Amino acid sequence: MIWWLLLSIAAYGGVIPTDLECQNQGKIRYVSLGKQHIETAAYCYSKNKSYFLSASCRDRDCAATKTSPCKVSLAALSREAGNPGFQLCHKLKGFAQVVEFYDGKKWWSMDRCLFYDGSFVDTGILLGRRNECK
Amino acid sequence: MKVFLLLLFSLSAGATEPSELTRFLVESRAAFTDTAAPSVSAPVFFEMNTAPAPPFRPRSANKCGHEDFREQFGENRNQDGVGWCFANVAADLLSIYSGERLSPFGLAMQFYQSPEGRDQMKVTPLYGGTVTGALEVGVRNGVCSEADLGSADDAASFLMREQMAGGKPMPDLERYSSAIVADSLRVLGDLQGRSLEKILDGTTHGCEEFVEASTMLFPKLDPVDVARGLATTRNYFEALNYLVRSSCGTRRFGPKPGLQFDVFFADRDAQQKPLHQERLLPHLDQAISAKQPAWVVFDPKMLFPRDPNAPDNVTSLHTVLVVGREFRDGECKFLLRNSMGSSCGGYLAPYGDPRNCERGNIWMSESELAASLVEVGTKR
């Protein structure tokens with residue numbers, strides 16, 4: 001089932017666009033140990049497929065959005081190489097993963113930062129929240 | 001010298017004199033000439049063109065023709081937690097000239113076995129490199145395809161889920177860092193040179209940890225064969241070379257003979273700060289007008305926040321492909337194909353805006369790009 005919803009910009013401090021498309025029986029796939037795995041999950045993504053988060057994070061009621069990225073200093077991020085969103089995810093005790101999600105028509109490449117409760121946001125969202133820290 | 005060229009989010013304190021660069025280029029060409037290694041293509045070589053270009057002037061719409069050839073590269077890559085932007089760019093370039101989607105992981109491993117890569121390893125292990133260096137080794141030796149040697153394998157996630165499903169405690173996510181590839185490489189590096197028995201008995205790293213690292217990096221190889229490779233090679237570089245080669249066997253891809261690139265560098269002042277960066281822009285513009293992708297090395301300070309306490313003389317460098325150009329919002333902009341996945345939320349304003357970010361591709365104004373450029377590479 002696909003539905004459209006409006007998401008308050010304030011809920012995510014402006015990091016997420018206002019219109020999201022969600023699927024409660026969506027498919028996520030990734031390669032692990034040389035094999036492809038497909039899991040079913042409830043998630044949302046922006047119309048332009050540039051933002052991705054678990055449905056449980058829509059209302060900010062998930063570990064991925066409750067965890068404050070502000071506690072990670074820019075100095076700590078700068079010391080590391082690579083995608084800073086992945087580094088931030090790691091420092092917040094999440095697990096960064098390259099994935100693809102299915103929108104009902106095709107697979108879209110993306111990444112996510114997976115937290116202990118199974119919730120996730122793409123690493124860009126995580127980094128965007130860090131960018132808003134005072 | 002290589003430190004300077006591109007180290008994403010790492011210090012760039014190396015001195016780069018034009019004379020050094022010239023010498024490097026000459027040495028590179030000599031190396032090609034002398035090398036009789038198995039080759040899938042004629043060697044690429046690079047020239048540094050120091051001819052001055054006219055100063056930069058912002059252009060009007062009629063001098064900023066629309067070009068967009070991002071489609072030929074497929075979905076954006078994601079370099080994960082390692083500083084392999086250089087390998088992603090080089091793999092993208094070699095992919096379109098070979099007709100096969102090639103593995104940045106395989107190419108990075110090849111680079112680190114080269115003389116330049118070994119030097120790089122002494123400075124920032126596995127965290128940086130040069131596009132030119134990666135292109136050299138890739139063209140000379142061929143590159144494994146992404147299908148044979150995946151760059152996004154994610155063993156730790158699988159293991160974590162297995163543990164969660166079995167009701168076991170969460171594994172230590174700290175260990176499964178975002179730089180998981182680098183971690184796995186370190187595990188194998190620690191084991192290189194030890195006897196097969198020592199590797200498999202788990203005294204240095206637990207057997208499970210070894211198998212994870214082995215399977216993560218070389219899923220097509222039996223861990224015992226990986227252990228054998230580590231035990232029988234003389235050094236780590238040789239071991240990696242053996243393992244990468246084994247992963248795709250003879251299925252290595254490269255461009256047709258005759259592929260050549262030009263590389264242009266910004267001049268440097270006495271303190272090694274880049275000078276006249278805007279004069280690199282015409283070289284980039286010329287390539288895009290010819291519908292040829294180009295790479296740029298630049299300071300990405302406009303994309304990612306910088307540590308406010310970092311010294312002024314510390315420069316972070318990043319490299320991306322440029323795959324388009326368009327007059328947008330009153331400015332001529334270039335389309336940068338970044339290698340940090342398809343997300344747009346992490347870029348500083350205004351680059352995270354949908355007007356400027358399209359699934360990891362970023363429209364950047366020519367003036368802002370020109371002010372941060374240190375290198376432009378184009379196909380001849």
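Modeller: Start with a term. A charge sits over a ring if NZ of Lys or CZ of Arg is within 6 Å of the ring centre and within 35 degrees of the ring normal. The charged end of A:Arg112 sits over the ring of A:Phe120, 4.9 Å from its centre.

A word on the ground rules. This is a predicted model, where local features need pLDDT of at least 70 and side-chain atom pairs count only at pLDDT 80 or more, while totals for chains, interfaces and linings use all residues. Residues are numbered from 1 along each chain as its sequence is written, chains are lettered from A and ligands numbered from 1 in the order written, and side-chain values use heavy atoms, without hydrogens and water.

Now the ring pairs. Rings of Phe, Tyr and Trp (for Trp, its six-membered ring) pair if their centres lie within 6.5 Å; planes under 30 degrees apart count as stacked, over 60 as edge-to-face and the rest as tilted. Over all chains, the structure holds 16 aromatic pairs. One of them joins A:Phe52 and A:Phe101. This pair is stacked, with 4.6 Å centre to centre and 10° between the planes. A:Phe52 lies in strand S4 (residues 52-54) of chain A and A:Phe101 in strand S5 (residues 95-102), so the pair ties together parts that are 49 residues apart in sequence. Strands here are DSSP runs of E, at least two residues long, and helices are runs of H or I, at least four; both are numbered from the N terminus.

A:Phe52 has 0% relative accessibility, so it counts as buried. A:Phe101 is buried too, with a relative accessible area of 0%.

Chain B has a tilted pair. The ring centres of B:Phe304 and B:Tyr347 are 5.4 Å apart and the planes are at 45°. This pair links distant parts of the chain, 43 residues apart. B:Phe304 is in the loop between strand S8 (294-298) and strand S9 (318-328). B:Tyr347 is in the loop between strand S10 (331-337) and strand S11 (357-358). Both B:Phe304 and B:Tyr347 are buried.

Chain B also has a cluster. Ring pairs link B:Trp84, B:Phe86, B:Phe105, B:Phe111, B:Tyr112 and B:Phe218.

Key:
Buried means under 20% relative accessible area, exposed over 50%, partly exposed in between (1.4 Å probe, protein chains only).
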